[in-house]
Amino acid sequence: MASPVSRPAVVIGVLASCGLAVSLMQTLVVPLLPQFPRLLNASTSTVTWLVTATLVAGAVCAPVLGRLGDMYGKRRMLLVALGLVTVGSALGAAAPGVELLLVARVLQGASLGVVPLGISVMRDLLPPERVGSGIALMSSSLGIGGAIGLPITGAVAQQASWRWLFAGAAVLGALQFLLVRRIVAESPTRSGGRFDVPGAIGLSAALVCLLLAISKGSDWGWTSPVVIVLLVAAVVLFAGWGRLELRTDSPLVDLRTSARPAVLWTNVGSILIGFSMFAQFLMTTQVLQAPLESGYGFGLSLVAAGIVLLPIGGAMALFSPVSARLSARFGARLTLVSGTVVLAVGNLSMAVLPGSIVLVMVAATVTAIGAALAYSALPLLIMDAVPPTETAAANSLNTLMRMLGTSSCSAVVAAVASGLTITVGGATLPAATAYTVVFLAAAGAAAVAAVISALTPRARPVERAATPVPAAA
């Protein structure tokens, strides 16, 4: 078999397909949420945990798998993540009730660590001239998968049993596990050291408290004692975890490196970019499905709405290599600023609630182009600012920041949509004002991210934090 490095296009294709699978895992149950209470004989509040469980599990797994990848091998941890996803998907297909299905969704949450690990493997293995394009495609695969995943899962949910979704995910996970094992070589760069177990426990506890409060705040009430206690606990745990990490010789997250302006402000911008991009995914689909009587909707089915939005995935796939070329010629910072500006324009276009499906498609595609440019530039900026032995952990933290942005967007959408409503045919729907408010907030988030990106100082040259350990060792 030829050396994997001699076939960079094959390695990029395999790793990028893993990124697409991550998006599918995140959206797998979304079309079925209205039907699951009947199908699983469970309450609506219990069913919503099928999304929350994956979100929280992914937040915990991403930094842990990233650090383990830096220490013991990125390909090895990538295979662990894909193995957990495959087992979880197979378990979900056979789950007799909601309890075991929740366990399956927790295992699928490990998929969130796949993208940062794949990006780090690309940096270590690919020829320098192919690193930019590979990372751009891998980073954008989250958005591409989200765009094509909803119509696919919606069609399967309408035409067949929901168990086929999990069975298909299990087959896809197993196939990718085998492809990575056969085609992708292990990274030669390792940091060594001892894994920071207390740091992992502390960060996991803090993230669980924070994400539970964000994701369930609309259901439990933002002023409820449970949400307030969770938010206070998250602040206390993060503070204690930070002090612990600063005193640890081999921390889970090197806070001194993360505090560098080039890393810190890029991560802050990532939260805003995640918020801005996800608003388009959430709200545009709802606009297309809203009844004509609402005054702004188009009355499409879930599958039809997904088909209308397919150009989003195509635009992100096409502009990922464009982003890589822009970054190579003008620098990733300029690409990020350009992407956030385009992202703001796309959301502003949707804020006026276009009156035709074609205009909605154009506005959504503009947003997707901005997201592709921004998402492709983020890992390049992170890797320019951290030592080679910390790339997986740093990219995992950046992926986590993006996820915090999308989670915050979901919370804001739920709060605004439930606060600004109209009644149509006896049904309560979000008012047109609710969509305008959310899209304006998303445009504002992208604009602030553009300013932050433009003002963030360039990264200083980094030194190796530890002597790389050859993979053969």
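# Exercises on helix packing and burial

Helices α15 and α17 lie oblique to each other. The model in which they are found is predicted. The exercises below begin with this pair.

**Exercise 1.** Explain why α15 and α17 count as oblique, and describe their contact.

*Solution.* 
Step 1. Two packed helices are described by the angle between their axes and the distance between the axes.
Step 2. Helix α15 covers residues 310-330 and helix α17 covers residues 357-385; their axes come within 8 Å and cross at roughly 40°.
Step 3. Angles under 35 degrees count as roughly parallel, and 65 to 115 as roughly perpendicular.
Step 4. The crossing of the two helices is right-handed.
Step 5. On the α15 side, the residues in contact include Pro311, Ile312, Phe319 and Leu326. On the α17 side, they include Met361, Ile369, Leu373 and Leu380. Sorted by class, this contact holds 15 nonpolar, five polar and no charged residues.

**Exercise 2.** Determine how α1 is oriented relative to α9, and state which residues make the contact.

*Solution.* 
Step 1. The axes of α1 (residues 8-27) and α9 (residues 163-183) come within 10 Å and cross at roughly 155°.
Step 2. Angles over 145 degrees count as roughly antiparallel, so α1 is roughly antiparallel to α9.
Step 3. The crossing of α1 with α9 is left-handed.
Step 4. Helix α1 contributes Val10, Val11, Val14, Ser17, Cys18, Ala21, Leu24 and Met25 to the contact, while α9 contributes Ala169, Leu172, Gln176, Leu179, Val180 and Ile183.
Step 5. Of these residues, twelve are nonpolar, two are polar and none is charged.

**Exercise 3.** Describe the largest nonpolar core and the contacts of Val180.

*Solution.* 
Step 1. In soluble globular proteins, nonpolar side chains tend to be buried together.
Step 2. The largest nonpolar core here has 111 residues, and the members that touch the most others are Leu15, Val114, Val180, Val184 and Ile273. Helix α17 gives the most to this core, with 15 residues.
Step 3. Apart from neighbours within four places in sequence, Val180 is in contact with Val14, Cys18, Arg75, Leu78, Leu79 and Leu82.
Step 4. There is also a second, separate core of 16 residues, among them Leu28, Leu101, Ala157 and Phe166.

**Exercise 4.** Classify Ser407, Gly134, Asn41 and Leu353 as buried or exposed.

*Solution.* 
Step 1. Buried means under 20% relative accessible area, and exposed means over 50%.
Step 2. Ser407 belongs to helix α18 (residues 391-419). Its relative accessibility is 5%, so Ser407 is buried. With residues up to four places away in sequence left out, Ser407 touches Leu55, Leu211 and Ile214.
Step 3. Gly134 lies in helix α8 (residues 128-159). Gly134 is buried because its relative accessibility is 0%. Beyond its neighbours within four places in sequence, Gly134 is in contact with Ile12 and Met122.
Step 4. Asn41 sits in the loop between α2 (36-40) and α3 (44-47). At 76% relative accessibility, Asn41 is exposed. Its phi is near 55°, a positive value in a residue other than glycine.
Step 5. Leu353 is in the loop between α16 (332-351) and α17. With 18% relative accessibility, Leu353 counts as buried. Leu353 has a positive phi of about 50°, although it is not a glycine.

Methods: Residues are numbered from 1 along each chain as its sequence is written. This is a predicted model: local features need pLDDT of at least 70, side-chain atom pairs count only at pLDDT 80 or more; totals for chains, interfaces and linings use all residues. Side-chain values use heavy atoms; hydrogens and water are left out. Axes are lines fitted to C-alpha atoms, for helices over the stretch in contact, and angles run from 0 to 180 degrees between N-to-C directions. Helices (H or I, at least four residues) and strands (E, at least two) are DSSP runs, numbered from the N terminus. A crossing is left-handed if the near helix is turned anticlockwise from the far one by less than a right angle, and right-handed if clockwise. Contact means heavy atoms within 4.5 Å. Ala, Val, Leu, Ile, Met, Phe, Trp, Tyr, Cys and Pro count as nonpolar, Asp, Glu, Lys and Arg as charged, and the others, Gly among them, as polar. Buried means under 20% relative accessible area, exposed over 50%, partly exposed in between (1.4 Å probe, protein chains only). A nonpolar core is a set of buried Ala, Val, Leu, Ile, Met, Phe, Trp, Tyr and Cys residues joined through side-chain atoms within 4.5 Å.
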